[in-house]
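Here is a briefing on surface nonpolar residues and aromatic ring pairs. The structure comes first.

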Amino acid sequence: MATWNPPPQEYESDDKSYEVLDLTEYARRHHWWNRVFGHSSRPMVEKYSVATQIVMGGVTGWCAGFLFQKVGKLAATAVGGGFLLLQIASHSGYVQIDWKRVEKDVNKAKRQIKKRANKAAPEINNIIEEATEFIKQNIVISSGFVGGFLLGLAS
């Protein structure tokens, strides 16, 4: 954040001061959940009773768990079905697979992923620290979310 005050001799009638905001930095520091769950002052959620916090966490957790279960099943079905069809096509002679090339490409992808993972490690650690701090500050709603999430996975 920078503040610029123009010299009085340049502007005759205006004593305006301009403030430049870096919106990307502002967005990075002020996440939407900071307004709801708070970091510096009391979280907004704390004004609700413990039972209400648990219900809020449980309902959102159940929705997330239910969606996670459905999307996971769909993804597993798509990947498994695709692999099954590929194997049937390969054994029937419709598709010829160059396994040496597949192995070479997989090894290349592994190296690229490892290289990118080493670059992203500080950012991931920062996210993990923020999540841990969030859970510590909002243990009631977080425990409700975890319980609801597990129930959503089971339903």
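The points below cover a nonpolar patch and the ring pairs.

This is a predicted model: local features need pLDDT of at least 70, side-chain atom pairs count only at pLDDT 80 or more, and totals for chains, interfaces and linings use all residues. Residues are numbered from 1 along each chain as its sequence is written, and side-chain values use heavy atoms, without hydrogens or water.

**Nonpolar patch**
- Phe68, Phe145, Val146, Leu150 and Leu153 make a nonpolar surface patch of about 470 Å².
- Patch members have over 30% relative accessible area and no salt bridge, and nonpolar side chains are joined within 5 Å.
- A salt bridge here is a side-chain nitrogen of Lys or Arg within 4 Å of a carboxyl oxygen of Asp or Glu.
- Helix H5 (residues 139-154) gives the largest share, four residues; helices are DSSP runs (H or I) of at least four residues.
- Val146 lies in helix H5 and is partly exposed because its relative accessibility is 47%; buried means under 20%, exposed over 50%, partly exposed in between (1.4 Å probe, protein chains only).

**Ring pairs**
- Rings pair if their centres lie within 6.5 Å; planes under 30 degrees apart count as stacked, over 60 as edge-to-face, the rest as tilted.
- The count comes to three aromatic pairs.
- Trp62 and Phe66 are stacked, with ring centres 5.1 Å apart and planes at 15°.
- Trp62 and Phe66 sit four residues apart in helix H3 (residues 50-92), so about one helical turn separates them.
- Phe145 and Phe149 are also stacked, with centres 6.2 Å apart and planes at 20°.
- Phe149 is partly exposed at 23%.
- Ring pairs link Phe68, Phe145 and Phe149 into a cluster.

Methods. Patch = residues over 30% accessible without salt bridge, like charges linked within 9 Å, V, L, I, M, F, W, Y side chains within 5 Å. Areas by Shrake-Rupley, 256 points an atom, 1.4 Å probe, with all protein chains shown as cover. Helix = DSSP H or I, 4+ residues; strand = E, 2+ residues; numbered from the N terminus. Phe/Tyr/Trp six-rings, centres within 6.5 Å; stacked < 30°, edge-to-face > 60°.
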